[in-house]
Amino acid sequence: MLQSRALLIALILLLSTTLPEVHSKSIFERDRRDWLVIPDAIAAYIYETVNKVSPKVGHFLADAAQTPVVVVTRNFLIRETTKLSILAEQLMEKIKNLWYTKVLGY
């Protein structure tokens, strides 16, 4: 039992999700900078599956996802991946501008 709880907590930390936010996001939104949409969707699927099999374990999973450690970790990951995403977009824009001005001569 202790091993399965440790596994569930590790899974929650790995996917770093909070349940209320999972269903409000779409995987297919193109304008999203949040790279954690897919892990959130996977976590929601795992939670729903576990909850169907054992509501008690599903409740434990939901409670563990709301712990301060998980929430702080998830917020940190969201903040940092958003910064990386913005930097990647800026880099792509600079490369595109260089391509058009230097290579194609526009």
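From the N terminus on, the elements of the protein chain run α-α-α-α-α. Helices (H or I, at least four residues) and strands (E, at least two) are DSSP runs, numbered from the N terminus. The model is predicted: local features need pLDDT of at least 70, side-chain atom pairs count only at pLDDT 80 or more, and totals for chains, interfaces and linings use all residues. Residues are numbered from 1 along each chain as its sequence is written, and side-chain values use heavy atoms, with hydrogens and water left out.

The protein chain has 106 residues, and 25% of them count as buried. Buried means under 20% relative accessible area, exposed means over 50%, and partly exposed lies in between (1.4 Å probe, protein chains only). The chain exposes about 7900 Å². Carbon and sulfur atoms supply 67% of that area. Accessible areas come from the Shrake-Rupley method with a 1.4 Å probe; for residues, only the protein chains shown count as cover. Contacts are heavy atoms within 4.5 Å. Among contacts between residues at least 6 apart in sequence, 67% join residues at least 24 apart.

Helix α3 covers residues 37-53, 17 residues in total. From its first C-alpha to its last, α3 reaches 25 Å, close to the 24 Å expected at 1.5 Å a residue. The expected span of a helix is 1.5 Å times one less than its number of residues. The buried residues of α3 are Val 37, Asp 40, Ala 43, Ala 44, Tyr 47 and Val 50. They cover an arc of only 150 degrees around the axis, which puts them on the same side of α3. The arc is that of the directions from the helix axis to the C-beta atoms. Tyr 45, Lys 52 and Val 53 are exposed, on the face of α3 turned away from its buried side. Ile 46, also found in α3, is partly exposed, with a relative accessible area of 23%. Ile 46 lies 15 residues from Leu 61 in sequence. In space the two are 9.8 Å apart, C-alpha to C-alpha.

Leu 61 is one of the buried residues of helix α4 (residues 55-65). Seen down the axis of α4, the buried residues fall within an arc of 165 degrees, so they line one face of the helix. Lys 56 and His 59 are exposed on the other side of α4.

Helix α5 takes in residues 68-103. Its 36 residues should span 52 Å at 1.5 Å a residue, and its end C-alpha atoms are 51 Å apart, which agrees. The buried residues of α5 are Val 70, Arg 74, Thr 81 and Ser 85.

A search of the whole structure finds 1 salt bridge. A salt bridge is a side-chain nitrogen of Lys or Arg within 4 Å of a carboxyl oxygen of Asp or Glu. Glu 80 forms it with Lys 83, and the closest N and O atoms are 3.5 Å apart. Glu 80 and Lys 83 are 3 residues apart in α5, so about one helical turn separates them. Glu 80 is partly exposed, at 27% relative accessible area. Lys 83 is partly exposed as well, at 46%.

Trp 99, Tyr 100, Val 103, Leu 104 and Tyr 106 form a nonpolar surface patch. Together they have about 580 Å² of accessible area. Patches are made of residues with over 30% relative accessible area and no salt bridge: like charges are joined within 9 Å, nonpolar side chains (Val, Leu, Ile, Met, Phe, Trp, Tyr) within 5 Å. Tyr 100 lies in α5 and is partly exposed, with a relative accessible area of 35%. Just after α5, Gly 105 takes a positive phi of about 75 degrees.
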